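Subject: Structure handover

Hello,

Here is the structure I promised you. Please open it beside this email and follow along.

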Amino acid sequence: MSIKFSISHTSGRARRGVISTAHGEIQTPAFMPVGTAATVKGLHTSEVREAGADIILGNTYHLMLRPTAELIAHLGGLHKFMNWSGPILTDSGGFQVMSLAGLRKITEDGVKFTSHIDGGEHHMLTPERSVEIQHLLDSNITMCFDECLGWPVSEADAAKSMRMSMRWAQRSKDAFVNRDGYGIFGINQGSMYKDLRLESAATLAEIGFDGYAIGGLAIGEAQDVMFEVLDYTVPALPFEAPHYLMGVGTPADIVGAVARGIDMFDCVMPTRSGRTGQGFVRGGTININNSKFKEDDAPIDPTCGCPVCRQYSRAYIHHLFNAKEMLGAMLLSQHNIWHYQDLMREIRAAIEAGEYDSFAEKFFKEWEG
RNA sequence: GGGAAGAUGGCUGAGCGGUCAAAAGCAACAGACUGUAAAUCUGUCGACAUAUGUCUACGUAGGUUCAAAUCCUGCUCUUCCCA
């Protein structure tokens with residue numbers, strides 16, 4: 001195996017482990033801040049690191065368009081380019097197959113995109129090209145190129161799409177260049193259909209990957225629907241490899257997914273919400289735009305020890321948002337990233353202590369209510 | 001002193017006889033945000049009931065008309081030009 005994963009503790013289905021890569025270790029369960037365009041929006045990489053993140057995400061689609069994978073390779077790779085020395089996982093562009101639905105055309109060969117930047121030029125993304133780009137970026141964890149479907153979809157459409165993604169998974173694996181400390185993850189698909197999820201899991205296991213992701217969730221379905229998919233899908237994935245739930249999610253999603261055997265998460269939520277005024281606090285969220293914070297001298301979360309909460313008040317950050325000052329978005333994003341990493345630390349500790357179930361139960365009792 | 005233009009909802013500013021409680025932007029208030037086309041998007045935004053409703057409103061006092069923010073007259077104020 002090109003990257004190593006070892007599980008040190010379990011608590012129910014929850015696992016506590018370490019992934020070793022060429023750029024360092026990842027303590028799991030892990031939350032990976034999203035740095036789509038070679039930046040975790042609003043944060044210095046030092047702040048991301050200090051918050052406790054071991055690994056961040058980059059994006060094939062965005063970086064191939066601008067500044068191009070070849071340029072990043074020429075400049076020494078994505079780590080050097082963006083000043084992040086830790087591990088990087090790159091998304092394959094599969095999510096953009098869904099999110100840029102109006103701008104692409106899918107064939108068996110791959111996906112032709114109309115650039116969302118200049119609108120004119122067409123770019124072809126195939127499994128082979130996606131893997132090549134991720135290699136050029138020097139990504140530690142390459143994701144297979146897949147089709148992320150919206151929701152809801154018919155079982156027939158989901159089956160057709162999933163099977164194509166599985167063929168693409170084989171092509172992605174074939175195109176992947178093995179190196180020590182670098183790996184490639186397969187992506188399970190099949191929408192909310194158990195038979196398809198199980199078929200997908202079996203196919204991926206047969207191909208063999210360094211880790212197994214679950215895609216196509218948290219795209220509008222209710223949380224209990226997502227949990228139900230995890231209930232039957234995660235046990236079908238190879239136990240000894242990392243399990244990565246793509247694009248998830250809220251703190252409650254994460255706590256529930258860890259209980260179902262997920263080891264890795266990524267989500268734009270802490271940074272996007274941080275830019276739009278939503279701050280994560282113990283038990284839920286606040287909207288710092290609300291006028292009730294105008295004179296509130298308390299920190300965003302009085303129980304938080306992050307640099308933002310140690311130094312700035314809700315009233316100040318409320319003022320920054322009100323005045324549309326960029327520092328407001330930066331501070332709230334930093335706090336949110338810290339909050340997510342705090343949550344992961346608590347999750348890991350609870351698993352190590354062998355009491356994850358009671359931790360999760362307590363968490364859900366406090367959450368939003 | 002003479003001439004010209006104008007006064008619209010918290011602000012800017014459309015409307016120039018009925019489809020006007022009145023465009024649009026801003027401000028205000030609230031909501032959303034899940035592998036980032038997002039420093040974004042959505043809703044409310046005269047009052048009271050808050051589904052269809054009622055009332056008070058486009059400087060002010062009158063007038064014309066079935067009907068006026070829109071037309072006419074007086075007044076008040078503002079800006080600009082000439083003395």
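Below is what was found, element by element.

First, the ground rules. This is a predicted model: local features need pLDDT of at least 70, side-chain atom pairs count only at pLDDT 80 or more, and totals for chains, interfaces and linings use all residues. Residues are numbered from 1 along each chain as its sequence is written, while chains are lettered from A and ligands numbered from 1 in the order in which they are written.

Some terms come next. Helices (H or I, at least four residues) and strands (E, at least two) are DSSP runs, numbered from the N terminus. Two strands pair if DSSP finds at least two bridges between them.

Look at strand 1 and strand 2 (residues 14–21). Seven bridges join them, and they run antiparallel. Thr10 stands opposite Arg15 in strand 2.

**Strand 11**

Is strand 11 (residues 183–188) enclosed or open? Six of its six residues are buried, so strand 11 is largely enclosed by the rest of the structure. Buried means 20 or more other C-beta atoms within 10 Å of the residue's own; exposed means 12 or fewer, and partly exposed is in between, with C-beta atoms placed from the backbone. In a regular strand the side chains alternate between the two faces of the sheet. Here both faces are covered. Gly183, Phe185 and Ile187 are buried on one side, and Ile184, Gly186 and Asn188 on the other.

Strand 11 has parallel partners. Three bridges join it to strand 10 (residues 141–143), where Thr142 stands opposite Ile184. Four bridges join strand 11 to strand 12 (residues 211–214), and Phe185 has Gly211 as its bridge partner there.

Strand 11, helix 8 (residues 194–207) and strand 12 make a right-handed β-α-β unit. Right-handed means that, with the strands pointing away from the viewer, the path from the first strand over the helix to the second runs clockwise.

**Around the RNA**

Which residues are closest to RNA strand B? They are Cys148, Gly247, Gly249, Gln278 and Ser291, among 47 that surround it. A residue is near a strand if its C-beta atom, placed from the backbone, lies within 6 Å of it. Helix 11 (269–276) is one of the elements that give two or more residues to this surface. Its six residues are the largest share.

**Two buried residues**

Phe321 is found in helix 13 (residues 314–322). It counts as buried, with 22 C-beta neighbours inside 10 Å. Leaving out residues up to four places away in sequence, Phe321 touches Gly277, Ile288, Asn289 and Gly328.

Asp138 lies in the loop between helix 6 (127–137) and strand 10. Asp138 is buried too, with 22 other C-beta atoms within 10 Å. With residues up to four places away in sequence not counted, Asp138 touches Gly77, Leu78 and His79.

Best wishes

Terms used. Two residues are in contact if their C-beta atoms, placed from the backbone, lie within 7 Å.
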